[in-house]
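User: Please examine the structure below and answer a series of questions about its geometry and contacts.

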Amino acid sequence: MAKVKAHGWSPEELAYQLPHLTLGQIHSALAYYWDHGAEVDRDLEHRAEDVDALRRAAGEHPLVAKLRARGQI
């Protein structure tokens, strides 16, 4: 039985956790990943880097800054 990166779930567990997907769709997605895993991993890494850059650019939320200044967080 194949294991997936996301939580180490089997296709059957993925089907249980994602009931809107059929088991066939899950196996198709896993087959695509096994054939293109490096490319998919690079894309996910770039997306995570983009999100991190956007978070840094946005700065701290004013409420968080206020709570931090009060020593509440």
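**Salt bridges, helices and overall form**

Analyst: In this predicted model, the side chains of Arg68 and Glu60 meet in a salt bridge, with N and O 2.8 Å apart.

User: Which class does Glu60 fall into by its relative accessibility?

Analyst: Glu60 has a relative accessibility of 43%.

User: How many salt bridges does the count come to?

Analyst: One of them joins Arg68 and Glu60. Another joins Asp43 and Arg47, with the closest N and O atoms 2.8 Å apart. The count comes to two.

User: By about how many helical turns are Asp43 and Arg47 separated?

Analyst: An α-helix has 3.6 residues a turn, so residues three or four places apart point the same way. Asp43 and Arg47 are four residues apart in helix H2. Their separation is therefore about one helical turn.

User: Which relative accessible area does Arg47 have, and which class does Asp43 fall into?

Analyst: Arg47 is exposed, with a relative accessible area of 52%. Asp43 has 36% relative accessibility. Asp43 therefore counts as partly exposed.

User: What does helix H2 span between its end C-alpha atoms, and what would a straight helix of 36 residues span?

Analyst: Helix H2 covers residues 23-58. At 1.5 Å a residue, a straight helix of 36 residues would span 52 Å. Helix H2 spans only 40 Å.

User: At which residue does H2 bend?

Analyst: The bend in H2 is about 90 degrees. The residue at which H2 bends is His36.

User: Which residues of H2 are buried, and which helix is included in what covers them?

Analyst: The buried residues of H2 include Ile26, Leu30, Tyr33 and Gly37. What covers the buried residues of H2 includes a helix at residues 11-17. That helix is H1.

User: Which residue follows H2, and what is its phi?

Analyst: H2 is followed by Gly59. The phi of Gly59 is positive, near 75 degrees.

User: How is the aromatic pair of Tyr33 and Trp34 oriented?

Analyst: The structure holds one aromatic pair. Tyr33 and Trp34 form this pair, at 5.5 Å centre to centre and with 65 degrees between the planes. Planes over 60 degrees apart count as edge-to-face. The pair of Tyr33 and Trp34 is therefore edge-to-face.

User: Is Trp34 buried or exposed?

Analyst: Tyr33 is buried, with a relative accessible area of 19%. For Trp34 the relative accessible area is 54%. Because exposed means over 50%, Trp34 is exposed.

User: What is the radius of gyration of the protein, and what does the globule rule give for 73 residues?

Analyst: The secondary structure comes to three helices and zero strands, and the elements run α-α-α from the N terminus on. The radius of gyration is well over the value from the globule rule, so the protein is more spread out than a compact globule.

User: What percentage of the 73 residues is buried?

Analyst: The C-alpha trace spans about 50 × 25 × 20 Å along its principal axes. Of the 73 residues in the protein, the buried ones make up 11%.

User: What distance separates the C-alpha atoms of Glu13 and Gly71?

Analyst: Glu13 lies in helix H1 and, at 28% relative accessibility, counts as partly exposed. Glu13 and Gly71 are 58 residues apart in sequence. Their C-alpha atoms are separated in space by 43 Å.

Methods
Residues numbered from 1 in each chain as written. Predicted model: local features only at pLDDT ≥ 70, side-chain atom pairs only at ≥ 80, totals over all residues. Heavy atoms only, no water. Helix = DSSP H or I, 4+ residues; strand = E, 2+ residues; numbered from the N terminus. Expected span 1.5 Å × (residues − 1). Bend = angle between axes of the 7 residues up to and from the residue. Buried < 20%, exposed > 50% of the residue type's maximum accessible area, 1.4 Å probe, protein only. Contact = heavy atoms within 4.5 Å. Phe/Tyr/Trp six-rings, centres within 6.5 Å; stacked < 30°, edge-to-face > 60°. Salt bridge = Lys/Arg side-chain N within 4 Å of Asp/Glu carboxyl O. Rg over C-alpha atoms; globule rule 2.2 N^0.38 Å.
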